[in-house]
Amino acid sequence: MAKFPSHEWIALFQEELNKNAAYEDSARTWEGDFIFVVEPDGPIASRQAFYLDLFHGKCREARLLTNPEERSAAYSYAGTYSNWKRLIQGELDPLKALMGGQFKLKGNMMKIMRYTRAAKELVNTASRVPTEFQ
Amino acid sequence: MWFFTSPRLVFGPGSIEFLASLQARRALLICDRELARRGVPARVEEHLRTGGGEVRLFAEVDPEPKVSTVERALTAAKEFQPDVIVGLGGGSTLDVAKATYALYERPDLGLMDLHPLTDMTLGQRAILVGIPTTSGTGSEATWAVVLTEGEGGRKLELAHRELVPRWAILDPDLAATMPPKVTTDTAADALCHSVEAIASDWSNPFSDAYAKQAVEILMEELPRTTGAKGVPSPTRESLHYAATMGGLAFGNAQVGIAHAMAHALGSKFPVPHGRASGLFLPYSVEFNFDAARERYQKLRSALGAPHVASGHALADRIRTLWDQVGMSRTIPQALPISAPDFEKALPDLVSRADQSTCVSSNPRVPTTAELERLFRAAWNGTRVDF
Ligand SMILES: [Fe+2]
């Protein structure tokens, strides 16, 4: 069990993602890093961010940033803590959540639209991480 | 949180006369070459001119329209400065009209910006009217635009809520200009939209209502299109409305892998879109059924309980309909390509289907290996048992 968001959680996520054959298949040609931003609300008082280096179906690096502005990436996917919780619990679809405005995505849209299956697998993986919400 | 988006619908025989009430000052009428050859645009122009307005015809849309067609239509729009843009034709023409309208309204944007996350409000310079002359694509009612990047290129799947036309005019008299094979192909597409919308992960009570109604009408009316005397008027009218209902269903709930596969096949080979989506539908139903059993049960009243008891039963019900109306059941029936050509194209077909936006809302997301098996099943005409 790992608290979300935390160093332990992102480490477990990376481990799960690298075991996920469906993700590997769907993202086998993907190259691009991500920042997942957790905006404060509910029990979370400050902005937090994860950095993920996703390359050819694998996650080469994943860590909680000490300072959310510490680095940039090709894409950022941002939502409030409550919406991250709903996403991880499978109550939100990652793409519908973008269209409904619960999440914001920055980066090259046309490229990412060809990898919607990979996006779905990323979220499915997150819901497999034994997560404790605060 | 989700949305239901719809154009304002005007329907009924002769309903194109509604165009006069728009009082267009300058109307750009976008249609395809074939329709122009048959003199159909003149019937529409007449009503647009009633209010004293000027009409310019852009009749350069071909099947499987390319990005370059939109560029030419946009040049015409920029020169003419219309306050009404009318798309008259099948899905290809309506898609060109929708993309042209968006870029005319927002010259700072490019085609690649026409995705759901772009912040844009249209309707400042012109209004968009969609008038379908086929009964199937539902494009007059949806937010989607499909264009081809270039000869043999990928399909660009563009979408934005603002691309839904302000008005859709459903005049069944215009559909009477369709050749019989086009009637079948486009109706097959409408059935595919409706069944895929029911099964979609994004389905919702509003899209379900239209999808169920469309399936019921299509199942009942399609077999009546094959008589020696041609399509009876009431059937023509019902099919025309059912197609828009199918559009409202999938436009608000997404399509699935039958469309991902159809877009891939259509990008590699010259096959009418509806023939491709229709042929893949039974295979996709067999593949999806266990993952969306409850959703398919919503078709019980339209089809009868035995036909929604299993994936094979539902697929066979569709195959029976396809046989009744002369629809293709396999890839070789749909287009004349050799087995070696198919094998050569297969890796591309799989990769293009895999990267389609239609895949992720499908109730069962296929791996690339499963997509390959699905294409092979559709080539051989075998059941999907995996
Ligand atoms: Fe379609």
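## Exercises on a pocket and an interface

By class, 14 nonpolar, six polar and nine charged residues make up the lining of the second largest pocket. The model is a predicted one, and these exercises walk you through it.

**Exercise 1.** Find the second largest pocket: which residues lie nearest its centre?

*Solution.* Start with the space itself, which is about 540 Å³. Next, look at the lining, which has 29 residues. Nearest the centre of the pocket you will find Phe103(A), Lys104(A), Leu105(A), Lys106(A) and Leu117(B).

**Exercise 2.** Which element gives the most to the lining of the second largest pocket?

*Solution.* First list the elements of chain A that each supply at least two lining residues: strand E2 (31-39), strand E5 (75-80), helix H4 (94-99) and strand E6 (103-106). Then pick out E6(A), which gives the most, with four residues.

**Exercise 3.** Now turn to the two chains. How many residues of chain B are in contact with chain A?

*Solution.* On chain B, 27 residues touch 19 residues of chain A. Together the chains bury about 2,100 Å², with 62% of it on carbon and sulfur atoms. Of the area that chain B buries against chain A, 29% comes from Leu117(B), Trp202(B) and Gln355(B), more than from any other three residues. Leu117(B) is also among the residues nearest the pocket centre in Exercise 1.

**Exercise 4.** Which side chain meets that of Lys120(A) in a salt bridge?

*Solution.* Between chain B and chain A there are three salt bridges. In one of them, Lys120(A) pairs with Asp201(B) at 2.6 Å, N to O. Finally, sort the side of chain B that touches chain A: 14 of its residues are nonpolar, nine polar and four charged.

Key. Residues are numbered from 1 along each chain as its sequence is written. Chains are lettered from A and ligands numbered from 1 in the order in which they are written. This is a predicted model: local features need pLDDT of at least 70, side-chain atom pairs count only at pLDDT 80 or more; totals for chains, interfaces and linings use all residues. Side-chain values use heavy atoms; hydrogens and water are left out. Contact means heavy atoms within 4.5 Å. Buried area is the accessible area (1.4 Å probe) that two parts lose on being put together, summed over both. A salt bridge is a side-chain nitrogen of Lys or Arg within 4 Å of a carboxyl oxygen of Asp or Glu. Ala, Val, Leu, Ile, Met, Phe, Trp, Tyr, Cys and Pro count as nonpolar, Asp, Glu, Lys and Arg as charged, and the others, Gly among them, as polar. On a 1 Å grid over the protein atoms alone, a cavity is a set of points where a 1.4 Å probe fits but cannot get out, and a pocket is an open set with protein on both sides within 12 Å along at least five of seven lines; lining residues have an atom within 4 Å of a point. Grid points are joined across faces, edges and corners, and a volume is the space filled by probe spheres set on the points.
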